[in-house]
Amino acid sequence: MNFSIIFDNWKLYLEGVILTLQLVPLSLLFGFSLALPLSVLRVSKNKVLNLPVYWFTYFFRGTPLLVQMFLFYYGLSQFSFIRDTFLWVFFKDPYKVALLSFSLNTAAYTTEIFRGAIERLPAGQIEAAKSCGMSRWIMLKRIIFPIALRNSIPAYGNEVIFMLHGSSIAGLITLVDITGAARIIYARYFSPAEAFITAAVLYLILTFTIVWVFRLLEKRFLSYLKI
Amino acid sequence: MFDFLYGYGPSLLEGGLITIILSIVSLFIASILGLITAFMRLSKIRTLQAIALIYTTIIRGIPELVMMLLIFFGGQILINKMVQSLGFDVYIDINPFVSGSMTIGLIFGAYMGETFRGAYLAVPVGQIEAARSCGMNNWKLFKRILFPQMTRHALPSFGNNWLVLVKSTALVSVIGLEDVVRKADLAGGSTHKPFNFWIACALIYLLITSVSNRIQRALEERYNIGFQESEA
């Protein structure tokens, strides 16, 4: 094995790491922000509010992220109302399309995580809030979200790792993320082991960092659960 | 339906069948690896524990796509170097189906290992001691005591792993396997109607996951007989 080609091309890998570190946190941010209101709609007993969100999560959790990304990137170019309007500025840009499909995908998973946490809230907490005369909004702000979000931390940590790993497909629509950089090095030098092992090590480092951060978060926010 | 797919319907279904077969073969490999890993982690031999722990930790920290590219392209070169060093002058092409199912099996073996380990730990120790005191050997203990009870505890997580596994088979299209994703890509390219085919492809995955959910629920009901109250 000859890892000197990796050191000669460290700038390409750096570029890849930077792109991955943009795509993943941004998608997570958009997905998280979408999931907060969606999870409230999802637990609603009103079918008109609940069903569309159910279909949304059903579609995005039931199909591969790769297919979703191709659907947006290649699929939508079929329609002239997208190709011939301002929408094309958005949908011809692989970065924006990757961001869109990753955000919607993680929003779907996160919605279901939050839904589970909200449904598992002790009924007494809600009753107490109601008997204090809290409106639905205040109850959400003071009781439901603070408790449900805390309890979602372990599951959300897994989702963040899945998103990091899922983002490795961005290279398939020409973006140079970590995997994309590795594919370029592989094609240039025909040395798959060095190229992909380097990518694997970079992902391992990122994964362990995420695990460590979430362990700290759990210690900070969930320590009251441990006896 | 066939008008919507411009005559590519059968080709897409063929790809869907390959996706299903690949998933089942990978699941089989993953389950065997998972059982081995679980029992290695539970064994009293330190080295075995460590090997299993390193395997699960590393595999779960690397994206499936990177593993697949490494095994497909790296494995190709490795095998050919070995063949050439043995003095044969042939070039061997690895089959994408073989390396795809091996990679996915290897990855999900790590997840299955955790599933089975948790299920084993959920079986009360008294049950195992009782079986031993009846004189059961390891195999009988597994077949009669562990397996039926582990199944109940493992099913939810096993089913979840299966759903994630089915979706990650989509990546095998990248190394050229003619699965449903690749077929949709080809058909979309030649008809200039990519949207139709990507939607159809997504629907095939939805069909697979929906049917899997049904089966899982039925199995869970079957294995939970007698536990309804305590599990509620």
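Me: Leaving aside neighbours within four places in sequence, which residues is Ile175(B) in contact with?

Reply: This is a predicted model, where local features need pLDDT of at least 70, side-chain atom pairs count only at pLDDT 80 or more, and totals for chains, interfaces and linings use all residues. Residues are numbered from 1 along each chain as its sequence is written, chains are lettered from A and ligands numbered from 1 in the order in which they are written, and side-chain values use heavy atoms, without hydrogens and water. Contact means heavy atoms within 4.5 Å. With neighbours within four places set aside, Ile175(B) is in contact with Met68(B), Leu69(B), Phe72(B), Pro96(B), Ser99(B) and Gly100(B).

Me: Why is Ile175(B) called buried?

Reply: Buried means under 20% relative accessible area, exposed over 50%, and partly exposed in between (1.4 Å probe, protein chains only). Ile175(B) has 7%, so it is buried. Its place is the loop between α6 (138–168) and α7 (180–191) of chain B; helices are DSSP runs of H or I with at least four residues, and strands are runs of E with at least two, numbered from the N terminus.

Me: How far apart are Ile175(B) and Phe97(B) in space, C-alpha to C-alpha?

Reply: The distance is 9.2 Å, although 78 residues separate Ile175(B) and Phe97(B) in sequence.

Me: What makes Ile59(B) count as buried?

Reply: The relative accessibility of Ile59(B) is 7%, therefore it counts as buried. Ile59(B) belongs to helix α2 (residues 46–59) of chain B. Not counting residues up to four places away in sequence, Ile59(B) touches Met67(B), Leu106(B), Ile107(B) and Ala110(B).

Me: Is Gln76(B) buried or exposed?

Reply: Gln76(B) has a relative accessible area of 10%, so it is buried. Gln76(B) sits in helix α3 (residues 64–85) of chain B. Apart from neighbours within four places in sequence, its contacts are Ile71(B), Tyr91(B), Ile92(B), Asp93(B) and Ile94(B).

Me: Why does Ile79(B) count as partly exposed?

Reply: Ile79(B), also in helix α3 of chain B, is partly exposed because its relative accessibility is 32%.

Me: Which residues form a nonpolar patch on the surface?

Reply: Ile79(B), Leu86(B), Phe88(B), Val90(B) and Ile92(B) form it, with about 460 Å² of accessible area together. Patch residues have over 30% relative accessible area and no salt bridge; like charges are joined within 9 Å, and nonpolar side chains (Val, Leu, Ile, Met, Phe, Trp, Tyr) within 5 Å. A salt bridge is a side-chain nitrogen of Lys or Arg within 4 Å of a carboxyl oxygen of Asp or Glu. Accessible areas come from the Shrake-Rupley method with a 1.4 Å probe, and for residues only the protein chains shown count as cover.
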